Amino acid sequence: MAQEFLARIRATHSQDFFVAGIRGHQDQILLDPDSAVPARPLWTPLTPITEFLSATGAVALIQATPSSSGAHPRAVEESLTALRQGIHVVTATKSHLLTHWQELAAAAQEGGSRIRISGATGAALPAADLARLGVQGLGCESLRACPNGTSTFVLDRISAGSSLVEAIAEAQRLGIAESDPSADLSGSDTATKARLLAGLLWGWDVSQIRVEQEGIDDDSLRRIIAELGAGQRLRAVATASLKQPLHVSVRIEALEPSDPLFHLSGPEKAITFQCPEAGDITVQGGRSSPAGAALSMVKDVLTLLRPQTTGFH
């Protein structure tokens, strides 16, 4: 199935690429073009990242390691090494972006390489592309975002009468929420994605951004539900603005139908880029799923591999 997918992508986009190797937690495998991935017992122990990149002849390093404290040093080392060697990095891992934003940028400058982070900012939602390029020059002064599909789903279920425990269980049953949804419900993931988008938008050092966040818990729900008016919807909204440099906040808000973030459905996500002169620009949708994140990384790879052409391309 994976090989058929890659073959279709290559044919559709006229890009000739393949997966040259995979690194697991403790083992790795090198692959020939269009070869199937062997059974795990046939994999070999990890080699240093420099040797692996050389053996594969990689032009891009794709990261999908957990954003955990244990995986953090490896994510940092492998990204910096690849970038300094002129190898592009496409990552859905967030932890090292939050701590080494400037160092990663410097490594890319040193190696003449590029970084793409769509998988870390909203999966299939093209928020990073808009922040990096799409709204540049339009005078974007602030953003409002609901980039966490689990939060939106849980709040909608609560508004429909479910308890917090029931809403979380339903999200987990449908595969929307992880077994440990604390990062989603605390507002941490929402804040992280807003920090990354602000870094792309305004050149802020993401590691220096201060965060003020409100999570989804019984106390916050009691407060906001008591104030909830007829026809309003609850949303976990992240905001960042040039008026408050290096600051991101996440609050549980009751929104009116006139608010673009009101209209999210289920686990959808949305970002509004507020441009006073050009007008607000909202991007909405994108499935919260491993498949959505994986496809966003394929999209990032395609943009990095696209040759310089003339005309509309």
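Of the 313 residues of the protein, 47% count as buried. The model is a predicted one. The exposed surface comes to about 15400 Å². Carbon and sulfur atoms supply 53% of that area.

Next, the fold. The secondary structure consists of 13 helices and 12 strands. The radius of gyration is 20 Å, close to the 20 Å that the globule rule gives for 313 residues, so the protein is as compact as a globular protein of that length. Along the principal axes, the C-alpha atoms fill a box of roughly 60 × 45 × 35 Å.

Contacts tell how the chain is connected. Take the contacts in the protein with a separation of 6 or more: residues 24 or more positions apart account for 66% of them.

Charge comes next. The protein carries 26 positive and 33 negative side chains. The centres of these two sets lie 3 Å apart.

Now zoom in on one of the residues, Asp156. This residue is found in helix H8, which covers residues 149-159. Is Asp156 buried or exposed? Its relative accessible area is 17%. Buried means under 20%, so Asp156 counts as buried. What is Asp156 in contact with, leaving aside its neighbours within four places in sequence? The partners are Arg233, Leu234, Arg235, Leu264 and Gly266.

Technical notes:
Residues numbered from 1 in each chain as written. Predicted model: local features only at pLDDT ≥ 70, side-chain atom pairs only at ≥ 80, totals over all residues. Heavy atoms only, no water. Helix = DSSP H or I, 4+ residues; strand = E, 2+ residues; numbered from the N terminus. Rg over C-alpha atoms; globule rule 2.2 N^0.38 Å. Buried < 20%, exposed > 50% of the residue type's maximum accessible area, 1.4 Å probe, protein only. Contact = heavy atoms within 4.5 Å. Areas by Shrake-Rupley, 256 points an atom, 1.4 Å probe, with all protein chains shown as cover. Lys, Arg positive; Asp, Glu negative; His and termini not counted. Charge placed at Lys NZ, Arg CZ, Asp CG, Glu CD.
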